[in-house]
Amino acid sequence: MKKYKHPIQFQIVHHRRWVLMVGLVATIHFFCQTLMLPSYFIRMSNSDDTLEDEFHQESLQLVKTRAFDHVFIEDDSETTQEMISVDLSNNLGDGVSINSSISIDPKILMVVGEPPVVVNKSGNGSPGQALPINEKYALFQTDDVKRMRCLMPPKSVMYIDQMERLLARNRRASRAMRPRWSSPRDQEILAAKMQITKAPSRITDQELYAPVFRNVSMFKRSYELMERTLKVYVYKEGERPIFHQPILKGLYASEGWFMKLMEGNKRFVVKDPRKAHLFYMPFSARMLEHKLYVRNSHNRTNLRQFLKVYAEKLASKYPFWNRTGGADHFLVACHDWAPYETRHHMEHCMKALCNADVTTGFKIGRDISLPECYVRSARNPLRDLGGKPASERNILAFYAGNIHGYLRKILLEYWNNKDPDMKIFGPMPPGVASKMNYIEHMKSSKFCICPKGYEVNSPRVVEAIFYECVPVIISDNFVPPFFEVLNWDSFSVVVAEKDIPELKNILTGISDSKYGELQHGVKKVQRHFLWNVKGVKYDLFHMVLHSIWYNRIFQFKPRYKFCICPKGYEVNSPRVVEAIFYECVPVIISDNFVPPFFEVLNWDAFSVVVAEKDIPELKNILTGISDSKYGELQHGVKKVQRHFLWNVKGVKYDLFHMILHSIWYNRIFQFKPR
């Protein structure tokens with residue numbers, strides 16, 4: 001037994017050392033955690049410098065206010081803003097007020113209370129509590145709700161007249177990518193554009209009410225060409241329920257009804273994608289959130305990544321995405337998160353979005369403002385349609401709804417129970433009787449107030465039109481539906497958020513005759529905002545599809561006729577073959593350069609060679625080529641293209657065989673017999 005004595009003692013000592021080390025590590029860890037207390041403990045020590053130092057590495061800045069002696073945290077980071085921009089509907093039920101202690105200041109949105117307040121760069125704030133600094137990301141929370149960008153006034157405002165100018169500018173100078181290679185569909189789009197812009201002027205129309213359109217002649221011609229020409233390919237990729245499973249009831253019904261009617265359409269949908277002018281990606285943003293979003297995680301990265309993988313799959317499987325960079329592809333999404341989810345990887349696509357906010361990436365002239373419709377019955381979406389005539393509408397203005405976002409709080413503070421003519425209420429009590437009372441109020445009101453909620457869009461705009469009530473839109477930066485074709489001044493009133501205190505004066509300042517015109521316009525435009533179980537001419541389905549078609553026509557940029565191929569460090573340039581690859585006539589500017597396969601090809605039949613000294617006259621040289629001559633050159637490029645292509649497996653007359661043939665050919669004519 002003695003020979004085992006020392007080993008046993010050594011094992012005991014070694015074990016004790018490990019116990020001491022573990023205890024020491026635990027003590028140090030506890031001490032470090034104690035130092036990193038939540039901000040409200042730090043605030044009790046009245047040490048702003050310490051808090052500023054700890055938030056410095058997270059790009060956050062402290063601001064001290066004199067009025068309330070509160071600490072504010074100013075965030076410069078876009079990442080942090082995206083992280084705290086979450087959907088409050090996951091945290092609050094219907095009818096729950098955001099915060100009952102918000103007071104408005106000209107510069108900041110201040111909340112009176114004890115905890116520190118989190119604000120962004122614009123100076124807007126909300127009571128919050130900072131998580132421990134070692135969480136890496138600075139998320140801030142109140143007792144009831146996560147702080148969001150949508151609870152603050154926008155940093156910048158674009159009014160309707162500015163949107164008008166932006167639309168005109170984007171019509172003149174499109175930023176869409178030019179097709180990398182030609183397609184017969186391109187010529188059809190160019191021909192349609194020419195016919196639309198030269199449409200004969202119409203003052204009246206038997207089918208359409210001209211005042212509600214920007215240009216009824218162009219709209220009518222464009223719509224006729226859409227019915228005659230447009231073909232859409234619907235991608236089959238994607239599994240249910242995110243793809244190919246429409247939601248036909250509720251707040252997000254617009255994306256579902258379009259999906260249902262588009263996939264079941266036989267007039268526009270084609271099975272051969274080569275015949276398509278447009279390509280539809282049939283996913284539901286609502287189901288994407290329902291299936292993939294982790295509740296209360298405040299992280300939507302996986303949703304965006306899911307769509308990124310989907311787009312990459314389409315690009316790798318089909319050539320159509322790569323031909324235009326996705327410019328002829330479109331999506332229809334009504335969820336508030338859609339702008340974020342489709343950012344970057346679907347940036348060049350046309351997006352029909354309910355959340356049509358110019359400050360979050362909505363491109364006027366390319367994207368389409370999708371009407372947000374609250375459909376109460378999937379079997380009969382037109383239930384309760386219509387309202388009382390103008391003479392029987394005894395209520396000046398009506399609003400009732402949940403206190404979502406910052407704006408509705410302001411609206412109620414000014415007008416709730418302040419004036420008998422202004423029926424401005426908070427949430428309606430639950431129940432069928434309450435819903436019927438809500439509908440009856442809209443049917444009996446002259447003006448229906450449509451303030452923004454969490455985002456710029458609101459279903460009340462379409463509800464007002466549905467019940468023949470003149471909509472009063474209060475939502476800065478909101479692009480109204482079908483902005484590219486409809487004249488909203490003829491059937492609605494747009495009020496800036498800053499003018500809420502003057503709301504009644506604005507409405508009472510509208511004369512009876514002017515109101516009659518507005519209400520008549522609402523009745524006439526109503527047909528364009530209705531979902532039908534089976535699509536009807538000029539209804540909401542066809543209006544959405546037409547706006548996509550219309551914007552594509554005016555955003556389309558034809559391929560360049562000539563591709564300039566100047567020399568680089570040496571005489572050769574890859575642009576010569578690139579031009580042929582994309583069926584563009586190459587213009588070779590490189591003295592002493594011998595074109596490929598010079599011994600067998602006639603380069604005059606499919607290219608233009610310009611001497612370096614003639615660069616100042618380049619435009620004159622190219623414009624001097626007649627249309628018929630250019631047609632011959634471009635046709636030659638298409639025919640010679642096969643000789644400049646590499647194939648995984650060699651194909652007769654391809655680039656591999658052309659090189660081998662030229663070697664063989666030159667050897668034959670260089671050979672001298674003995």
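Which residue with a positive phi follows α13? That residue is Asn417, with a phi near 60°. The model is predicted, so local features need pLDDT of at least 70, side-chain atom pairs count only at pLDDT 80 or more, and totals for chains, interfaces and linings use all residues. Numbering runs from 1 along each chain as its sequence is written, and side-chain values use heavy atoms, with hydrogens and water left out.

Stay with α13, residues 407-415. Helices here are DSSP runs of H or I with at least four residues, strands are runs of E with at least two, and both are numbered from the N terminus. Seven of the nine residues of α13 are buried, so the helix is largely enclosed by the rest of the structure. Buried means under 20% relative accessible area, exposed means over 50%, and partly exposed lies in between (1.4 Å probe, protein chains only). Among the buried residues are Arg408, Lys409 and Trp415.

Another buried residue is Leu518, at 2% relative accessibility. Leu518 belongs to helix α17, residues 512-525.

Now the charges. The structure holds 23 salt bridges, each a side-chain nitrogen of Lys or Arg within 4 Å of a carboxyl oxygen of Asp or Glu. Start at helix α5, residues 160-172, where Asp161 and Arg165 sit four residues apart, about one turn of the helix. They form a salt bridge, with the closest N and O atoms 4.0 Å apart. Asp161 is partly exposed at 43%, whereas Arg165 is exposed at 52%.

Glu164 pairs with Arg214, with 2.6 Å between the closest N and O atoms. Glu227 is buried at 19%, while Arg267 is partly exposed at 49%. Glu207, Lys220 and Lys537 are linked in a network of salt bridges.

Next, the backbone. Most residues other than glycine have a negative phi, and most peptide bonds are trans. Phe597 has a positive phi of about 55°. It lies in the loop between β20 (585-589) and β21 (608-609) and is buried at 11%. Tyr653 has a positive phi of about 70°. Its place is the loop between α21 (627-640) and α22, and it is partly exposed at 41%. A cis peptide bond, with omega about 5°, joins Arg240 and Pro241.

A cavity is a set of points on a 1 Å grid over the protein atoms alone where a 1.4 Å probe fits but cannot get out; lining residues have an atom within 4 Å of a point. Points are joined across faces, edges and corners, and a volume is the space filled by probe spheres set on them. The largest cavity has a volume of about 230 Å³. Of its 19 lining residues, Tyr374, Val375, Arg376, Pro381 and Phe466 are the closest to its centre.

Terms used
On a 1 Å grid over the protein atoms alone, a cavity is a set of points where a 1.4 Å probe fits but cannot get out, and a pocket is an open set with protein on both sides within 12 Å along at least five of seven lines; lining residues have an atom within 4 Å of a point.
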